Amino acid sequence: MENLKFFQDETKLIIQNLLEDGSNPSAIYTIEYHFSSQNFNDLVAIAENLFKEGYEVLEIEELNDESSHQKIFAFDLIIESELKESIINKHVVYFHEMCKAKNIEFDGWGTYFEDIQEDEEY
């Protein structure tokens, strides 16, 4: 499990790279937070808890870990948010600490490039 500083540094880098590439700084982004475990029941428990807290939790998938060749289970949690380090890091800290306490892997987050589109009149 990566340490919290790693994820905070990664957050800064992801945001910086998106903005340097021209992604829209004022857009609302779909942020996907990633969770995984080899223990299906533990992962289900944390997914259910997050769902009860009001988060959008996607279906758990069964995957094969390419490095260990073992079966793992994973799900994503979706939040619509501004691309602000303070907002994302608040979630990163919360999810990281929750996972650490439950022996679940917090696998960071990701999002997609958002074009800057000018308003068009029809």
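This passage describes the fold of one protein chain, from its overall layout down to single residues.

The structure is a predicted model, in which local features need pLDDT of at least 70 and side-chain atom pairs count only at pLDDT 80 or more, while totals for chains, interfaces and linings use all residues. Residues are numbered from 1 along each chain as its sequence is written, and side-chain values use heavy atoms, with hydrogens and water left out.

The overall layout comes first. The chain contains three helices and five strands, where helices (H or I, at least four residues) and strands (E, at least two) are DSSP runs numbered from the N terminus. Read from the N terminus, these elements follow the order α-β-α-β-β-β-α-β. Along the principal axes, the C-alpha atoms fill a box of roughly 50 × 30 × 30 Å. Of the 122 residues in the chain, 34% are buried; here buried means under 20% relative accessible area, exposed means over 50%, and partly exposed lies in between (1.4 Å probe, protein chains only). The accessible surface, computed by the Shrake-Rupley method with a 1.4 Å probe and, for residues, with only the protein chains shown counting as cover, is about 8100 Å² for the chain. Carbon and sulfur atoms account for 46% of that surface.

The chain carries 8 positive and 28 negative side chains, with Lys and Arg taken as positive, Asp and Glu as negative, and His and the chain ends not counted. The centres of the two sets are 12 Å apart, each charge being placed at NZ of Lys, CZ of Arg, CG of Asp or CD of Glu.

Helix H1 covers residues 4-20, which makes 17 residues. From its first C-alpha to its last, H1 reaches 24 Å, close to the 24 Å expected at 1.5 Å a residue; the expected span is 1.5 Å times one less than the number of residues. Four residues of H1, namely Phe7, Thr11, Ile15 and Leu18, are buried. Viewed down the axis of H1, the buried residues fall within an arc of 70°, so they line one face of the helix; the arc is that of the directions from the helix axis to the C-beta atoms. Lys5 and Glu20, on the other side of H1, are exposed. The cover over the buried residues of H1 includes helix H3 (85-102) and strand E5 (105-110).

Helix H3 can be described in the same manner. Its 18 residues should span 26 Å at 1.5 Å a residue, and the end C-alpha atoms of H3 are 25 Å apart, which agrees. The buried residues of H3 are Ile88, Asn89, His91, Val92, Phe95, His96, Met98 and Cys99. They pack against H1, strand E1 (28-37), helix H2 (40-52), strand E4 (71-82) and E5. Serine 86 also lies in H3, but serine 86 is exposed, with a relative accessible area of 56%. The C-alpha atoms of serine 86 and valine 57 are separated by 22 Å, and these two residues are 29 residues apart along the chain.

Some loop residues deserve a look as well. Asparagine 103 follows H3 and lies in the loop between H3 and E5. Its phi is near 60°, a positive value in a residue other than glycine, and asparagine 103 is exposed, with a relative accessible area of 65%. Histidine 69, found in the loop between strand E3 (61-64) and E4, has a positive phi of about 60° although it is not a glycine. Histidine 69 is exposed, at a relative accessible area of 68%. Asparagine 24, in the loop between H1 and E1, counts as buried at 15% relative accessibility. Apart from its neighbours within four places in sequence, asparagine 24 is in contact with Tyr29, Glu114, Asp115 and Ile116.

Finally, strand E2 (residues 56-57) contains glutamate 56. Glutamate 56 is partly exposed, with a relative accessible area of 47%. Leaving aside neighbours within four places in sequence, glutamate 56 is in contact with Asp76, Leu77 and Ile78. Glutamate 56 and isoleucine 79 are 7.0 Å apart in space, C-alpha to C-alpha, and 23 residues apart in sequence.

Technical notes. Contact = heavy atoms within 4.5 Å.
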